[in-house]
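Here is a friendly note to read alongside the model. Please keep the 3D view open as you go.

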Amino acid sequence: MARVRTPVAIPDVRRIRATRAIVNLDAIEANVRALRTALPNTCKLMAVVKADGYGHGAPWIARAALISGASLLGVATVWEGQTLRAHGISAPIVLLGSIDAAEAESACQTALEITVADETLLVAVQRAVRSQAHKEPMPVHLKIDTGLRRYGATAEAAAALAAKIAADPLLRLASVFTHFASADEPSDPFTREQLKEFQQAVATIRADGAPLPPLHTANSAGILTGMGTHYDIARAGIALYGVPPSVDVALKPGMRPALSVESRITRIIPVAPGDTVGYNRTFRAAAPMRGALVPIGYADGYRRALSGRAWVGIDGRRAPVLGRVSMDQIVVEVPGEVEATVGDVVQIFGGGEAAAAPSVVDMAELMGSNAYEVIVGLRARVPRVFIRNGEVVAVSDAIRIGVEK
Ligand SMILES: *Cc1c(COP(=O)(O)O)cnc(C)c1O
């Protein structure tokens, strides 16, 4: 019987944990190129690699994105930016969201570009810059709230902040931007309203005499639908990873998911009629069957909500999860026609149709969540194996952090 081949069969990779994420850097690079094609030549691409590159391994994703057409990086926390710097990445790194004023100093120390939306943080940045010896003015970004009601200044406050930044010789206004609330619902007219609001706010800034900095609005959904891509920068997160932002927004041709998760069978469990499987005995066998123990659980990000609902792929067949997902293990039913043995590969999600596992989008549906949470939720104890041209080029895991081959 034909077996699904292990995508990676390199000896020292076998020695890491059987449950691992396979990150295809060719897919990341193809996705970046496809996104670039969707953008005007004058528009720079920011690769959003917050949350450890949406769970893929930020330093590797950042490097792949930078060599294939991205020129800036976006993160959420100072630690995320510092991790990229520790990996030798020198590209501009923008902190996209709010940080506490007390974090400004360490952000500036590692040349992370802070996004301000109020006086308090701007003053903290000014103080941090004065306490350090920077040769060039420190780039700062200004966020305008046009309707998301999350992070961002009002149009009037933004004009005042822009003027203050322009007046400070140690600062440079590196960009002004806003963020869409519903760009992943292309039929919602709110995105257009936000663009109008943004244009008006920008005009106010200009009226104050400051030279116009680069502007940006588009996230992945914006890039894929063409909303707000006429500005100077576009910020791609989810699409970079080959996952559509929503069911209403399609990827461009050639884009594909970079992430898949696989494991191996560690035990075959004979299950007799009437036996129950797992905690709280939520599954009861009606007929004899073979269970397969797979070492992945909710501590890996394989959510408990998948109990009795999800399936995995074994030998190109669907194998349903029996009963509850435990912290570290699941039991699946070996399909009748499959001759499974200990050590066989189990496709947890991703891997294309032949693998018979749920896609990231299927997982989102099964979890009652969105695709973002599926990939971001993969925990650090799942090692990441990076492949390029079918070859393992790096392994990153929580124990041997960033082992390069
Ligand atoms: C996370 C984030 C993005 C990326 O959004 P995607 O939908 O993943 O493309 C863009 N801009 C900001 C401000 C963000 O916080």
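1. **Before you start.** This is a predicted model, in which local features need pLDDT of at least 70, side-chain atom pairs count only at pLDDT 80 or more, and totals for chains, interfaces and linings use all residues. Residues are numbered from 1 along each chain as its sequence is written, and side-chain values use heavy atoms, with hydrogens and water left out.

2. **Cysteines.** A disulfide is a covalent bond between the sulfur atoms of two cysteines. Cys43 is buried (under 20% relative accessible area; exposed is over 50%, partly exposed in between, with a 1.4 Å probe and protein chains only). Its relative accessible area is 1%, and Cys108 is also buried, at 1%.

3. **A stacked pair of rings.** Rings of Phe, Tyr and Trp (its six-membered ring) pair if their centres lie within 6.5 Å; planes under 30 degrees apart count as stacked, over 60 as edge-to-face and the rest as tilted. The whole structure has four aromatic pairs. One of them is Tyr54 with Tyr241, stacked at 4.7 Å centre to centre with 20° between the planes. Tyr54 lies in helix α3 (residues 50-54) and Tyr241 in the loop between β9 (233-236) and β10 (259-264), so the pair ties together parts 187 residues apart in sequence. Helices (H or I, at least four residues) and strands (E, at least two) are DSSP runs, numbered from the N terminus.

4. Tyr372 belongs to helix α12 (residues 371-376), so the pair with Tyr54 in helix α3 links parts 318 residues apart in sequence. Tyr54, Tyr241 and Tyr372 form one aromatic cluster. Tyr54 is buried at 6% relative accessibility, whereas Tyr372 is partly exposed at 28%.

5. **A charge over a ring.** Arg318 lies over the face of Trp311, 3.8 Å from the ring centre. The test asks for NZ of Lys or CZ of Arg within 6 Å of the ring centre and within 35 degrees of the ring normal.

6. Which strands stand at the edges? An open sheet of three strands has the order β11-β14-β17, with antiparallel pairing (two strands pair if DSSP finds at least two bridges between them). β11 (267-271) and β17 (330-333) are at the edges, each with a single partner strand, so one side of each has no neighbour in the sheet. Four bridges join β14 (residues 289-294) to β17, and Val294 stands opposite Ile330 in β17.
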